[in-house]
Amino acid sequence: MAFDVARARRDTPGVARVAHLNNAGAALPPSAVTEAVIAHLRLEAEIGGYEAADAAHDQVEAVYTELARLLGCQPGEIAVVENATRGWDMAFYSLGFKPGDRILTARAEYASNVIAYLQVARRTGAVVEVVEDDEHGQFSVAGLKERLGRGPGTVKLIAMTHVPTHGGLVNPAEEVGAVAREAGVPFLLDACQSAGQLSIDVRRIGCDMLSGTGRKFLRGPRGTGFLYVRREMLDKLEPPFLDLHAATWTGPSSFEIRDDARRFENWETNYAGKVGLGTAVEYALSWGLDAIEARVTALAAELRSRLAAIDGVRVHDQGLRRCAIVTFSVAGVPAQEVQRHLAASGVNTSVSLVSHAQLDLAHRGLPDLVRASVHYYNTDAELDRLIAALPAPRA
């Protein structure tokens, strides 16, 4: 069934101004999301912030229902937080590491996550171990099994980024989840770049915790994120900090942590953003995630093919399964210069920095890369604009 690109573009005012190929940074929101945010802000201005929150109670509760539909879980397993990193941190720092505990992660891991591993290792004596890539450049399931069978020390966590920010790779999350379940090791999945462009079912994947963002492929507001925690994991995780929303003060010297995933939230929140996030998720579900995935995967494959056909341009994506993110370099031209050149022609892209991917890009001997990330509202004509606007390679 053909994807209704014309409708998607009618719903997206920004496409009239720019060829937006930076959806892995922040996608253009549909009008429905923008209007939902503005409407709540206007209500706050008219009747007061607390009163507006009360009036929007049903809308806010629906956000949890929509996210549960998106991920294939229960609303009580969802927390809505300020951003994906905060959600990921709240899960990770709840685990209580001890000296010798092992954290297994991937070469293509997100920079903020690696910094957290290193901080915890420095504080507690835990050990960070990188599972090598397989022959396709993706997280090696065989390597994971080998690491799990090795000692000394207890494997406390398997943590992996589903779609790395600096390439088109889709890591084999379901296979990793099956290994984690068999070994009885918690599995934390960073779905920041996959939520909204790929179909995600946390039961099928088998992850215990998953973090995601609103602003990228879900096309929601900035400053919104979410965390899934499997019901059976909740009582094993005490958030690193609590407030009167996450817990109840039961007596002068006692408190009780709430029994759902909202223990990872805090009381003060951006209600306009929350309503906008719910609208974005509902909008994505109206298209169908399978249809979105098919559309963006085909567009990205077409872009890779066009780029690879140009002398002096190299595409650097890896993996058996690839997605909407395309990374490339132009011979002799720094990535930042390529980005500026494209921006001058009205084409938005981004740069993936080696300093943000030291376990991967540096390991592969690659420079900073240009990152183009498509969405379903992009067109072949916009791919043509990018190709035409590329600076000439230099000897």
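The structure holds 24 salt bridges, each being a side-chain nitrogen of Lys or Arg within 4 Å of a carboxyl oxygen of Asp or Glu. Before you go further, note that this is a predicted model, where local features need pLDDT of at least 70, side-chain atom pairs count only at pLDDT 80 or more, and totals for chains, interfaces and linings use all residues. Residues are numbered from 1 along each chain as its sequence is written, and side-chain values use heavy atoms, with hydrogens and water left out.

| Salt bridge | N to O distance |
|---|---|
| Arg7 and Asp11 | 3.6 Å |
| Asp101 and Lys98 | 3.8 Å |
| Glu337 and Arg394 | 2.3 Å |

Glu337 sits in helix H13 (residues 335-344) and Arg394 in the segment after helix H14 (380-389), so this pair ties together parts that are 57 residues apart in sequence. Helices here are DSSP runs of H or I with at least four residues, strands are E runs of at least two, and both are numbered from the N terminus. For accessibility, buried means under 20% relative accessible area, exposed over 50%, and partly exposed in between (1.4 Å probe, protein chains only).

Seven strands form an open sheet with mixed pairing, in the order S2-S8-S7-S6-S5-S3-S4; two strands pair if DSSP finds at least two bridges between them. At the edges are S2 (78-81) and S4 (127-131), each pairing on one side only. Strands S6 (residues 187-190) and S7 (residues 209-213) run parallel and are joined by three bridges, and Asp190 stands opposite Ser211 in S7.

Helix H7 (residues 141-148) lies across S3, S4 and S5, at about 145° to S4. Contact means heavy atoms within 4.5 Å, while axes are lines fitted to C-alpha atoms, for helices over the stretch in contact, with angles from 0 to 180 degrees between N-to-C directions.

The loop between S7 and strand S8 (225-229) holds Arg219. Arg219 has a positive phi of about 65° although it is not a glycine, and it is buried at 1% relative accessibility.

On the surface, Tyr50, Leu244 and Trp267 form a nonpolar patch with about 390 Å² of accessible area together. Such areas come from the Shrake-Rupley method with a 1.4 Å probe, and for residues only the protein chains shown count as cover. Patches are made of residues with over 30% relative accessible area and no salt bridge, with like charges joined within 9 Å and nonpolar side chains (Val, Leu, Ile, Met, Phe, Trp, Tyr) within 5 Å.
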